[in-house]
Amino acid sequence: QVHLVESGGGLVQAGGSLRLSCAASGRTFSSYRMYWFRQAPGQERERVATISWSGGSTYYADPVKGRFTISRDNAKNTVYLQMNSLKPEDTAVYYCAADPSPIVVPTPLYWGQGTQVTVSS
């Protein structure tokens, strides 16, 4: 069982930056692949980024490549999403997720409650 709690969301102007954090409970955090998803009103949930257990492998959705960076600190049981050059279309609820599978899965097993990110133009 993994409990995930996101933080760091808020309101920012276009072009600004935010860093989201996701604190995980459990002693096996370091063995989980971690994800960030987002969902805007009226839109489907979208996988934003994912990182392997070691942090050595990352994947990004095309809309965020070059602007967002996912990272993890296994000693702190925390995964981060650094978001730079934010655009109004990045506005969404951002969710942290975890799955024990080392491969990328469409629907991870564990989810956080989400944190709102709003980018004003």
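Asp99 is found in strand S9, which spans residues 92–99, strands (E, at least two residues) and helices (H or I, at least four) being DSSP runs numbered from the N terminus. The model is a predicted one, in which local features need pLDDT of at least 70 and side-chain atom pairs count only at pLDDT 80 or more, whereas totals for chains, interfaces and linings use all residues. Residues are numbered from 1 along each chain as its sequence is written, and side-chain values use heavy atoms, with hydrogens and water left out.

Asp99 is buried (under 20% relative accessible area, with exposed meaning over 50% and partly exposed in between, for a 1.4 Å probe and protein chains only). Despite its burial, Asp99 has no salt bridge, and the nearest side chain of opposite charge, that of Arg33, is 7.8 Å away; here Lys and Arg count as positive and Asp and Glu as negative, while His and the chain ends are not counted. A salt bridge is taken as a side-chain nitrogen of Lys or Arg within 4 Å of a carboxyl oxygen of Asp or Glu. The side chain of Asp99 instead reaches the backbone nitrogen of Ser101 at 2.9 Å, and one of its polar atoms lies 3.0 Å from the backbone nitrogen of Leu109. With neighbours within four places in sequence left aside, the residues in contact with Asp99 (heavy atoms within 4.5 Å) are Tyr32, Arg33, Tyr35, Val105, Thr107, Pro108 and Leu109.

The link of Cys22 and Cys96 is left-handed, with -80 degrees about the S-S bond. Because Cys22 lies in strand S3 (residues 18–24) and Cys96 in strand S9, the pair ties together parts that are 74 residues apart in sequence. Both Cys22 and Cys96 are buried.

The search of the whole structure finds 4 salt bridges. Side chains of opposite charge can pair when their charged atoms come close. Arg38, found in strand S4 (residues 33–39), is buried with a relative accessible area of 7%, and its side chain meets that of Glu46 in a salt bridge (2.8 Å, N to O). Glu46 counts as partly exposed, at 27% relative accessibility. Asp90 forms a salt bridge with Arg67, the closest N and O atoms being 2.7 Å apart. This pair links distant parts of the chain, Asp90 lying in the loop between S8 and S9 and Arg67 in the loop between strand S6 (58–60) and S7, 23 residues apart. Asp90 is buried at 1% relative accessibility, and Arg67 is likewise buried at 11%. Arg38, Glu46, Arg67 and Asp90 are linked in a network of salt bridges. The side chains of Lys65 and Asp62 also meet in a salt bridge (3.0 Å, N to O), and both of these residues are exposed.

The C-alpha atoms of Tyr94 and Gly9, 85 residues apart along the chain, are separated by 8.1 Å. Gly9 has its place in the loop between strand S1 (4–7) and strand S2 (10–13), and counts as partly exposed at 32% relative accessibility.

Backbone geometry was also examined. Most residues other than glycine have a negative phi. Phi of Asn77, in contrast, is near 50 degrees, and this residue lies in the loop between S7 and S8. Ser85 also has a positive phi, near 50 degrees; it is found in the loop between S8 and S9 and counts as partly exposed at 41% relative accessibility.

Conventions:
Polar contact = N/O pair within 3.5 Å; in protein donor to acceptor, adjacent residues only side chain to side chain. Disulfide = S-S within 2.5 Å.
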